[in-house]
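Let's walk through a protein model together, one step at a time. Keep the picture beside the text and look for each part as it is named.

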Amino acid sequence: MQAGKHPPLPASAQIPQRGTCKRKDEMSNQAEHQQPAPKKPRLVFTDLQRRTLQAIFKETKRPSKEMQVTIARQLGLEPTTVGNFFMNARRRSMDKWKDEDPKTVAVEEGQLSPTIGIGQRQPSDVL
């Protein structure tokens, strides 16, 4: 045998043709026989739940897990539902913030102090 040449592979060891992947075929057969689980209906908050959650969000953007569990118990919700409400509320407030003037919203929400006068030093300010 010459250097660099290999004997042909036996037929059983050859690479399968495209589209004959056994795992893929098995998965598609299983998917045909199983019905997908029905989707859970979308939860709609009652008026009291929505107003309470929004009032708490105005005071606390990121309540602790313990606080979320307490809120969930009081309102008759799942703790994950309460956590999702706060996550979505933060996202919505960020989207609103991007739509408006960023400086104005940040100052109104108390996240930044107004920048008027900062950086403009007078000679009398120097010690």
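Helices α2 and α3 cross each other in a right-handed way. A crossing is called right-handed if the near helix is turned clockwise from the far one by less than a right angle, and left-handed if it is turned anticlockwise. The helices, like any strands, are DSSP runs numbered from the N terminus: a helix is a run of H or I with at least four residues, and a strand is a run of E with at least two. The axes of α2 and α3 come within 11 Å and cross at roughly 160°. Here an axis is a line fitted to C-alpha atoms, for helices over the stretch in contact, and the angle between N-to-C directions runs from 0 to 180 degrees. The two helices α2 and α3 are therefore roughly antiparallel.

Which residues make the contact between α2 and α3? From α2 come Gln 49, Thr 52, Leu 53 and Ile 56, and from α3 come Met 67, Ile 71 and Leu 75. Contact means that heavy atoms lie within 4.5 Å. The residues of this contact of α2 with α3 divide into five nonpolar, two polar and no charged. For this sorting, Ala, Val, Leu, Ile, Met, Phe, Trp, Tyr, Cys and Pro are nonpolar, Asp, Glu, Lys and Arg are charged, and the others, Gly among them, are polar.

Before going on, a word about where this comes from. This is a predicted model, in which local features need pLDDT of at least 70 and side-chain atom pairs count only at pLDDT 80 or more, while totals for chains, interfaces and linings use all residues. Residues are numbered from 1 along each chain as its sequence is written, and side-chain values use heavy atoms, with hydrogens and water left out.

Now step back to the whole protein chain. Its secondary structure comes to five helices and zero strands, giving the pattern α-α-α-α-α along the sequence. Of the 127 residues in the protein chain, 15% are buried. Buried means under 20% relative accessible area, exposed means over 50%, and partly exposed lies in between, using a 1.4 Å probe and protein chains only. Among the contacts in the protein chain with a separation of 6 or more, 49% are between residues 24 or more positions apart.

Next, follow α2 to another partner. Helix α2 covers residues 47–59 and helix α4 covers residues 79–99; they pack at an angle of about 60°, with their axes 11 Å apart. That angle makes α2 oblique to α4. On the α2 side, the contact is made by Leu 53, Gln 54, Ile 56 and Phe 57, and on the α4 side by Val 82, Phe 85, Phe 86, Ala 89, Arg 90 and Ser 93. These residues of the contact of α2 with α4 divide into seven nonpolar, two polar and one charged. The crossing of α2 past α4 is right-handed.

The remaining pair to visit is α3 with α4. Their axes come within 8 Å and cross at roughly 115°, so α3 and α4 are roughly perpendicular to each other. The crossing of α3 and α4 is right-handed. Here Gln 68, Val 69, Ile 71 and Ala 72 in α3 meet Pro 79, Val 82, Gly 83 and Phe 86 in α4. The residues of the contact of α3 with α4 divide into six nonpolar, two polar and no charged.

Let's zoom in on a few of these residues. Is Ala 72 buried or exposed? Ala 72, found in helix α3 (residues 65–75), is buried, with a relative accessible area of 2%. Not counting residues up to four places away in sequence, Ala 72 touches Leu 77, Glu 78, Pro 79 and Val 82.

Over in helix α4 you will find Gly 83, which counts as buried at 17% relative accessibility. The C-alpha atoms of Gly 83 and Gln 68 are separated by 6.5 Å, although the two residues are 15 residues apart along the chain. Pro 79 also has its place in helix α4, and Pro 79 is partly exposed, with a relative accessible area of 35%. Leaving aside neighbours within four places in sequence, Pro 79 is in contact with Gln 68, Val 69 and Ala 72.

Methods. Angles under 35 degrees count as roughly parallel, over 145 as roughly antiparallel, 65 to 115 as roughly perpendicular and the rest as oblique.
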